[in-house]
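Here is a short walk through one structure, with the cut-offs spelled out as we go. Have a look at the model first, then read on.

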Amino acid sequence: MCRIPYSPFQVIFLATVWTVIPSTAPCSADAKTPLDIGNRKQLFIDNSIVASLHHAYRVLNQPVKHANPVLELVPDQEIGGDAPVMAGGAVMYDTENEQFKMWYQAVNYDWSNTYVGYAVSDDGIHWKLPNLGLIEHNGSKTNNIVFKNPAGEVAPAVFKDPVAKDPRRTFKMIYKRRGGVGSPGTGVGVAFSPDGIHWEIGPDRDVIPIADSPHSVLWDPLLKRYVAHTRHNHQFPERLERQVLQSESTDFIHWKRYGVIMKADEQDLIQDRQFYNMEWMRYEGLNIGFLAVYHTLPGMEVKTTRGLPWMDKVDIQLTISRDGRHWQHAGNRKVFLPTGTHPNDFDYGMIYVMQHPLLVGDEIWIYYTGYSGLHWATRRRERQGGVIGLARLRRDGFVSIDAGEGTVTTRPFEMNGNQLIVNADAALGSLKVAVLGANGKPLDGFSIDESDTITGDNVRHIITWQGKRDLRHFIGKTIALQFHLDRTKLYSFVFRNQ
């Protein structure tokens, strides 16, 4: 096994919202071969760019929850009542009309009366439910309903197709075609819309035979395919295990199951082995996943005991894929988006990320459904809850490298750009950068002593050496970077032509 060199103190774990992540370097035979990073941003969510750390630590950063919730339905649902609550869906920012759009599933207490509601917002915080007058519900068309599945649960995943050739199919949806788990025909159907409001159902068949809510679907530009994530419930002799299934399509009609891409292994604690679903987003050349982990013990899903604060809850872990098919845990399987801490919190019981997080300015906005009730609340005649919350994360902020005083050295690489831009928080300290040659030694004029000191918190620090910033003469040459951190959080770097 090849490992990044570390100090004896690197194995310490932080007992805060951060988590120190043990670092393991890529172990392929070409680990010393220079990378070609061009002008692609380099994040530290995995070790692909890192050669060594010294008194520096990879840290999982949790997003900050907004003053939530941002959207809820009234009146409140009573136990056993027919008033709807929100149960997942999708959100996007439509650049064409400069508007946030949301499709949410609404469900009554026993999930027998469900529909897809539509909401819009100018700022992503204040939402409106437009009266569309399209679909009758409870004897009236005065509502914002755009899709209804008379067979029961919908579990909609909606997106605007960036490669749509037919304007009538600009917006696409996958949904659950039938009712409860285990009933005949619980597969996935598809639907199409020119505007996200008026929907036409696709073929009257299950295009993916395996489904359980929630779902996600997007166009993957790397695979050049539509990629859907649904849940596969694998029945072991003594327990049911939830896994994430990936299916792919080139036309959104005919789908082929690639296979299970996330399932529990021996590194997962017994109470952390239920992977409910995984939303994902394309971010800086990576696929970043938001894995909903259901915490329970075999045989205790409905019959819980007291004194287990995690029991029957759902929270979120991070995953990552560089090729769209092979996924791995990020953040050492620690909680990225936690449930609320107080029983009165709207998201005390469960959190499900909505499809899919958005880059808004210099923040990543993560909309999610928060439930005050636990997973099997309705089976125990307890309060269910279900509203939309928002959490915000700094641009590139999933995982950082932190140090009181330490260094980070990258793998050798070739780049394309004339300036080095660094995303770092040095508000409490400072940051300097050296450029190393192929021999690992600092290049003349670009050593640590010649690096200008960076202070402050900025997602776009421009690195200079004695006032010089032009790096174009390094294009096509093998170099590496060494970051010297003094009370600094380092999030990413990139070479740009400015």
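## A buried aromatic pair

F495 counts as buried, at 1% relative accessibility (buried is under 20% relative accessible area, exposed is over 50%, and partly exposed is in between, using a 1.4 Å probe and protein chains only). F493 is buried too, again at 1% relative accessibility. The two rings form an edge-to-face pair, 6.2 Å centre to centre with 85° between the planes. In total the structure holds 29 aromatic pairs. To count, rings of Phe, Tyr and Trp (its six-membered ring) need centres within 6.5 Å; planes under 30 degrees apart are stacked, over 60 edge-to-face, and the rest tilted.

A word on the ground rules: this is a predicted model, where local features need pLDDT of at least 70 and side-chain atom pairs count only at pLDDT 80 or more, while totals for chains, interfaces and linings use all residues. Residues are numbered from 1 along each chain as its sequence is written, and side-chain values use heavy atoms, with hydrogens and water left out.

Strands here are DSSP runs (E, at least two residues; helices would be H or I, at least four), numbered from the N terminus, and two strands pair if DSSP finds at least two bridges between them. β14 (residues 188-193) and β15 run antiparallel and are joined by two bridges, and F192 stands opposite E200 in β15.

The other open sheet also has four antiparallel strands, in the order β16-β17-β18-β19. β16 (216-220) and β19 (256-262) stand at the edges with a single partner strand each, so one side of each has no neighbour in the sheet. From one strand to the next the twist averages 35° (axes are lines fitted to C-alpha atoms, for helices over the stretch in contact, and angles run from 0 to 180 degrees between N-to-C directions). β16 pairs with β17 (residues 225-235) over five antiparallel bridges, with Y226 in β17 as the bridge partner of W219.

Some of these residues turn up again in one aromatic cluster, made of F159, F192, W219, Y226, F252 and W255.

## Salt bridges

The structure holds 29 salt bridges, meaning a side-chain nitrogen of Lys or Arg within 4 Å of a carboxyl oxygen of Asp or Glu. D94 and K101 meet in one of them at 2.8 Å, N to O, and both residues are buried. They belong to a network of salt bridges that links D94, E96, K101 and K160.

R325 and E248 make another salt bridge, also 2.8 Å from N to O. This pair links distant parts of the chain, 77 residues apart: R325 is in the loop between β22 (313-321) and β23 (327-330), and E248 is in strand β18 (residues 240-249). R325 is partly exposed at 25% relative accessibility, whereas E248 is buried at 8%.

## Arginines over rings

What does R239 do with its charged end? That end sits over the ring of F236, 4.4 Å from the centre. The cut-off is NZ of Lys or CZ of Arg within 6 Å of the ring centre and within 35 degrees of the ring normal. R239 also forms a salt bridge with E241, with the closest N and O atoms 3.2 Å apart. E241 is buried, with a relative accessible area of 3%, while R239 is partly exposed at 25%. Elsewhere, R231 lies over the face of Y276, at 3.9 Å from the ring centre.
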